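Subject: Structure for you to look at

Hello,

Please find the structure below, with its sequence. My notes on what was found follow it.

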Amino acid sequence: MTELFGIPLPALLGQLLLGLVNGSFYAMLSLGLAVIFGMLNIINFAHGALYMMGAFFAWMGLEYLGLNYWVMLGLAPIAVGLVGIVIERTMLQWLYKLDHLYGLLLTFGITLVIEGVFRSFYGVSGQPYQVPEQLTGATNLGFMILPNYRAWVVVASLIVCFAVWALIEKTSLGAKLRAGTENPKLVQAFGINVPRMVTLTYAGGVALAAFAGVLAAPILQVSALMGSNLIIVVFAVVVIGGMGSILGSILTGLGLGIVEGLTKVFYPEASNTVVFVVMAIVLLVRPAGLFGKEK
């Protein structure tokens with residue numbers, strides 16, 4: 001059997017794939033966080049809870065309504081986006097001019113409420129969600145066995161992440177979004193409804209979290225705590241990439257997922273802390289993050 005650095009090649013590539021899958025979730029979640037922080041200047045701690053809500057909506061759609069994975073891949077992000085609109089209009093809109101701490105505390109409280117509701121109805125044990133029939137099985141690549149669903153997760157995440165980046169950075173709509181956050185009065189003078197744009201930006205950010213939740217549902221057990229287990233790592237990814245940096249969040253999420261996967265091969269004891277070690281090193285060398293802008 002072929003070995004690399006003393007590790008069997010199939011085992012090494014398997015861990016790399018697992019790291020890339022985890023990195024895909026990190027990238028999608030950190031992208032939503034970066035969009036919300038960059039455009040709204042809010043640290044959205046509720047992101048993990050809304051990711052969990054997306055996974056639960058997918059499970060509930062199948063369990064109670066018979067709606068399959070593909071339908072819920074579209075409906076769950078829309079439903080969570082509507083929840084995001086309610087949150088932004090009723091609570092967050094009053095905090096934009098205040099210190100970041102207020103937004104962090106509010107969204108942390110929202111997280112506790114959402115998790116408490118789902119925990120009271122479904123407990124903390126996970127609910128199984130089946131892989132869609134079209135993506136079951138695996139493909140033999142010769143040097144490794146590639147699970148079809150995990151390959152789909154990576155491809156779907158990359159497409160969505162870079163499509164959002166292109167929308168924000170390369171289109172007139174993205175230019176209006178950026179201008180609306182930097183100088184809202186000037187943008188409103190051109191007849192653009194800035195409050196509505198801000199609301200839809202928050203809804204889009206949390207819809208990305210919900211989309212990631214639906215992708216995660218067949219891989220992980222759908223549980224009320226699945227967001228809490230991930231959100232701290234995702235915040236570390238955002239900090240490393242640079243707060244508010246769209247491309248930084250995507251590349252850092254994917255990169256750190258791979259680093260985490262390799263760490264599990266060569267030094268498993270450090271796999272749960274390697275992201276935070278990288279964060280500490282980056283902050284010492286470049287406090288604004290790898291792709292952030294120094295103020």
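Some terms first. Buried means under 20% relative accessible area, exposed means over 50%, and partly exposed is in between, with a 1.4 Å probe and protein chains only. Helices (H or I, at least four residues) and strands (E, at least two) are DSSP runs, numbered from the N terminus. A contact means heavy atoms within 4.5 Å.

This is a predicted model, in which local features need pLDDT of at least 70 and side-chain atom pairs count only at pLDDT 80 or more, while totals for chains, interfaces and linings use all residues. Residues are numbered from 1 along each chain as its sequence is written, and side-chain values use heavy atoms, with hydrogens and water left out.

The chain as a whole

The protein chain has eleven helices and four strands. Its C-alpha atoms fill a box of roughly 65 × 50 × 35 Å, taken along the principal axes. For 295 residues, a compact globule would have a radius of gyration near 19 Å, and the chain has 19 Å, which agrees. That radius is taken over C-alpha atoms, and the globule rule is 2.2 Å times the number of residues to the power 0.38.

Of the 295 residues, 47% are buried. Among contacts with a separation of 6 or more, 76% are between residues 24 or more positions apart. The accessible surface comes to about 14,100 Å², and carbon and sulfur atoms account for 68% of that. These areas come from the Shrake-Rupley method with a 1.4 Å probe; for residues, only the protein chains shown count as cover.

The expected span is 1.5 Å times one less than the number of residues. After α2 comes G66, with a positive phi near 70°.

M52 counts as buried because its relative accessibility is 0%. The C-alpha atoms of M52 and A210 are 7.2 Å apart, although 158 residues separate the two along the chain.

Helix α4 (residues 100-122) has 23 residues and reaches 33 Å from its first C-alpha to its last, close to the 33 Å expected.

Around the end of α1

L40 is found in helix α1 and is buried, with a relative accessible area of 4%. L40 and L92 are 52 residues apart in sequence and 9.4 Å apart in space, C-alpha to C-alpha.

N41 lies in the loop between α1 (9-40) and α2. N41 is partly exposed, at 35% relative accessible area. Most residues other than glycine have a negative phi. The phi of N41 is near 65°, a positive value in a residue other than glycine.

I250 counts as buried at 0% relative accessibility; E260 counts as buried at 9%.

Not counting residues up to four places away in sequence, I250 touches A27, L31, C161, F162 and W165. I250 and F162 are 88 residues apart in sequence, with their C-alpha atoms 8.0 Å apart.

With neighbours within four places again left aside, E260 is in contact with N22, Y26, S271, V274 and V275. E260 and G23 are 237 residues apart in sequence, and 8.7 Å apart from C-alpha to C-alpha.

Regards
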